[in-house]
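Here is a quick, friendly briefing to read alongside your viewer.

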Amino acid sequence: MTSASATARISLSSLRAHRRRFAGTFAAVLLGVAFLTGTLVMGDTLRASFDSLFAGATSGTDAVVRSADTITTPGESQGARGPVDAGLAARVAQVPGVAAAAANVQGLGQLVGADGEPIGGQGPPTLAGNWIKDTRLNPYRLAEGRTPERSGEVVVNRGAAETGGLKIGDSTVLRTPDPVRVTIVGLATFGGADGMSQTTFTGMTRADAEKYLTPEPGRAASVLVRAGPGTGQQELVDALTPVLPKGVEAITGEASAAESTDMISGQFLDLFTTFLLVFSGIALLVATFSIHNTFAIVVAQRTRENALLRALGAARGQVVGVALAEAAVVAVAASAAGLLGGVGVAAGLQALFPAIGFPFPEGELVISGLSLGLPLLVGIVVCLGSALLPAVRAGRTAPLAALRETAVDQSGTARSRTVTGLALAAIALATTLYGVLGTPSIWLAGTGAVLALAAFVVLGPVASTAVLRVLARPLGRLRGVTGGPGRVRKVPPAPRRLARTLAAPGEGPSTSSTRACARHAESTHQTPQGPPFGRTARLSGRDLAGRNALRSPRRTAATASALMIGVAVVALFTVFGASLKATMDQTVDRSFAGDVAVSAPSFGAGGSGLSPALADRVAGLPEVDSAVGLGRGVAEVDGAGRQLTVTDPVALAKGLDLGEVRGSLDALGADGLALSAAEAEARGLALGERTELAFTDGTQETFTVRAVYARPELAGDYVLTREAWAPHRGQDSDTVVAVTFKDGVDAASGKAAVERTAAAYGNPEVQTREEYAQSSAGGIDMMLTLVYALLALAVLIALLGIANTLTLAVHERTRELGLLRAVGQTRAQLRAMVRWESVLVAAFGTAGGLALGGFLGWVLVQAAQGTGDTDFAFDVPPVQLAVVALVGLAAGGLAGWRPARRAARLDVLRAIATE
Amino acid sequence: MNTAPVAHAAARVVDAVKVYGSGDTEVRALDGVTVGFPAGRFTAIMGPSGSGKSTLMHCAAGLDTLTSGSAAIGGTELSTLDDRRLTVLRRDRVGFVFQSFNLLPTLTVAENITLPLDLAGVRGDTEWIDALVDVVGLRDRLHHRPAELSGGQQQRVAVARAFAGRPDVVFADEPTGNLDSRSGAEVLGLLGRAVRQMDRTVVMVTHDPGAAAHADEVVFLADGRLVDRMQGPTAERVLDRMKALDGARSDVPDHPTQGVPNTQGVPNTQAVPNTQGVPS
């Protein structure tokens, strides 16, 4: 028998014998790998589906002619593109090789559903355009009914109609954003699906489209071109390019479809997959701790076995090999199971998504080599990496250890650990503070955050000793939890101290004489010295739980670390989310001077906005003092895209608090603009100086700075008048209308009056200041919910780790538990003791996680504050964090449930007899 | 209510039968044993390996249940008690000393001693415990951990713990099995003094005639049956009786006692003191 096969045999037989011990490890790897695989497969599948969707829908388009100018503002992946002359279509049609060309007039138009609520607008765009007569050029296919022939007739995509409860023959309103009365005459499909994902589309006559979607007739978003027989796409583009005017380009249909896919990928898919990948990373990180802990405990419990192997002549490497081989088997098996699970999850989601109203494009699951190979590799590396240190430690077992009674845990509060940990913590703090307060740098702050995490992990064992002593103390004064039947006097009930007995690997039942172990009893002298039995505090079960948790600081800390990371991320997001909300509150509070706001959905860019006519109509109401609409524009300044606020500057000063205004907003005119003070300073512009803006239509204009205001939060950095913007605008719309009531008008009646007027404009929401602030924060709650759901997995893995550690501890303390039962601990007391230990460990992890998460949240807020120009508020939400803490504790109790039950089921006699 | 044949018994079993396994693997560890352990006396249970002496002790102490027959502590019939009542009875009325000390490593000496009282949530008689501490000679070790004590000291802690709640009876299972001869003699002396000076009741299982000689009475078991009783034993007489028993059962197959530790008939060479000459 070769030594390798001996190693393998020992590993396998040991695995078979201790299956249960590795159940937790197996589950942790499996869950992490499944999450990762599911994410990758889903991402690929979605991408492939969109690819085929666009390719299918636009297969009849061989070239697209469009403006070459595009301006991309920060934070938007899709640039604003200028229009082309619709007359180009006729000219292009004459080019040899062209079979057909059609102008594609496009803009935003949001349908109002049968229930009066607008359809969509929560992210994906609500498009409207001309219904292209050439069926092969039109990406939409008529599925039912007929095409629009007369003004007011429209075709809508079937998905939108279903969402809004509309059918052929129905009459409804299309917000363009001016309300337009339309009648549905047909339903359309896109590439075989009921729509382009959640995007809605309304097709109207060419005349209607030009009337409602463009500032003036004769402009189109692009011209779609179909090649005649025998002309390739590139050939066609080459033929078109010479006849196009300056600033207009032609690209192949394939390139256009690819751009569309990329756009969706960029806006949604990449974000989506990155998001999920980050969370599967967190889950795997948490799993690392759990797995490492399990292997460390198993190695400690097997010290005698390993020592025997060494005594019998096994080389150090062979012992390491045995341990690693075990880990490898678990790693491969669990990762493979995780792959299956992940593919299953992706398939399940594909089936589930349509059921919850998210049309997952049809198509086979796309399972690439990467989405299988990467998770497999990660799972194996995580598992083996976690087992590496314990395996090396196993190899160091002295043959003599076989003769000693039990392994002694020498880890924990070594001075070097304390020093290293404190040094790390100091560096982390310094780096972070410098990155946050000195020269603001996300990278420095991020490095500091990572270092802080490392410091927490290194300091964990040291901290656990101190923290658990504190935590175990108040618990001792509680009573009645242990189910102890006897009267409880001043004496803290027994299960507390008993529970302290549970958490250590090393100090097993001491049989042989043991001065050798004396040095281990470091945490000995906590009982007050003095007259022995006069006033000495007596112990309770929770006492025991606490001492058990203290037995092996390293094990306890590692167990808690897993939970700590999970809770830290939860706390980080909770704090950051609360801070964002507080920031919005603060912004609205400081900058919004109006009484009510009429707004388009603020989360997500969807929807078609508000009719520019609305502000004027509202301003005419008898209750209203002023109403100002804020529209948006884009321009390029010094080569960078910037957002413009297009409004009536005089009214703006009433609706918003702009802070100190230098210069005058009254006379911006068509060639003047107002700047935020920060922007003016950054660009070195003073009042009266000139600056040049480039627009999407290719024109450039010089503007004079006529006013500088202090608060840019709602007004943005650039304010232009409507007349200045008019020559460059596309579809006109406002994003918000700020309304101020006349003195003496009460809020309710004022709001009701505005609502009545707004109803005619597609029923946008009218919000009080508070509602406006809250709706701005609504997206944050949505994001937090998603984050919590994703973090649940990491927390679950951490709890599995706690349960696993406890199970192992119960196993190794069988004799002690038996003794406790023999001398009179009831089953209920024993269960309570084990559960308390679990709760204590969870409390430690939760407390650490809250502290770390709170700190990281602060760092994030400060970093955001330092790098952006918005004034960030930092907010620690006490209620939410208390809920997090309670959930952590309760989960700890839950994790202890099974180990406690198993411990209580121990047969007393066997337990005492166990060697 | 006590109509048992043995009056004034701190603990007793009547017609005790304990069967492990069934069918071919059936083992009758106890086969109709009736014995009482009188209050205020030190009784040793002896017998060859597999004779059922540990089983008898476990059943009499309420750690294990009888297949048939009855066991009682004081006047309380054990078979009528559920697990919780049995636990409480063990806690309040029975003390244990085990071969392998079985102290809790995380607790100090003082805490180990009061463990049963703490589990009950009562303070106990502090004067009594104080006196116990002096008797076992551990006053200066009260705040140490078991790992800091020698084996003999640990077993003395266990003895103090067993008597701390003034139980009706203390059961000792091979209490000297893991000790050297001097420490063993100390522990046996403690048990004897507890009986004679403090009016306690001790039942001790041992296979060491020298240890048995410390008792007031020895009961002999063989093949699950009570075969003899000896008052005022000496090591020589006990050894002789044991040799006779061994000879008598040499043709009987060995009965393994399941789940019960350290019942080997062979003297533990490392721990057992010389078998001669500890006078009673």
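The notes below go from the whole chain to a sheet, a helix pair and a single residue.

This is a predicted model. Chain A contains 26 helices and 26 strands, and buried residues account for 53% of its 915 residues.

**The chain overall**

- Taking contacts in chain A between residues at least 6 apart in sequence, 85% of them join residues at least 24 apart.

**A four-stranded sheet**

- In chain A, four strands make up an open sheet with antiparallel pairing, and their order is β5-β15-β1-β16.
- The edges belong to β5 (98-104) and β16 (248-252) of chain A; each has a single partner strand, so one side of each has no neighbour in the sheet.
- From one strand to the next, the twist averages 20°.
- Strand β1 of chain A, residues 63-67, pairs with β16(A) in the antiparallel sense, and five bridges link the two.
- Within that pairing, A:Val65 sits opposite A:Ala250 of β16(A).
- Packed on the sheet is helix α6 of chain A (residues 233-240), which touches β1, β5, β15 (222-227) and β16 of chain A.
- The direction of α6 makes about 170° with that of β16(A).

**The α2 and α10 helix pair**

- Two packed helices are described by the angle between their axes and the distance between the axes.
- For helix α2 (residues 19-57) and helix α10 (residues 369-395) of chain A, the angle is about 160° and the axes are 9 Å apart.
- An angle over 145 degrees counts as roughly antiparallel, so α2(A) and α10(A) are roughly antiparallel to each other.
- The crossing of α2(A) and α10(A) is right-handed.
- On the α2(A) side, the contact residues include A:Val29, A:Val33, A:Leu36, A:Leu40 and A:Asp44.
- Their counterparts in α10(A) include A:Leu370, A:Leu374, A:Pro375, A:Val378 and A:Cys383.
- By class, this contact of α2(A) with α10(A) comprises 12 nonpolar, four polar and one charged residues.

**A closer look at A:Thr45**

- Which helix of chain A holds A:Thr45? A:Thr45 lies in helix α2 of chain A.
- Is A:Thr45 buried or exposed? There are 23 other C-beta atoms within 10 Å of A:Thr45, so this residue is buried, the cut-off being 20 or more.
- A:Thr45 and A:Ala748 are separated by 703 residues in sequence, and their C-alpha atoms are 50 Å apart in space.

Methods: Residues are numbered from 1 along each chain as its sequence is written. Chains are lettered from A and ligands numbered from 1 in the order in which they are written. This is a predicted model: local features need pLDDT of at least 70, side-chain atom pairs count only at pLDDT 80 or more; totals for chains, interfaces and linings use all residues. Two strands pair if DSSP finds at least two bridges between them. Axes are lines fitted to C-alpha atoms, for helices over the stretch in contact, and angles run from 0 to 180 degrees between N-to-C directions. Two residues are in contact if their C-beta atoms, placed from the backbone, lie within 7 Å. Angles under 35 degrees count as roughly parallel, over 145 as roughly antiparallel, 65 to 115 as roughly perpendicular and the rest as oblique. A crossing is left-handed if the near helix is turned anticlockwise from the far one by less than a right angle, and right-handed if clockwise. Ala, Val, Leu, Ile, Met, Phe, Trp, Tyr, Cys and Pro count as nonpolar, Asp, Glu, Lys and Arg as charged, and the others, Gly among them, as polar. A residue is buried if 20 or more other C-beta atoms lie within 10 Å of its own, exposed if 12 or fewer, and partly exposed in between; C-beta atoms are placed from the backbone.
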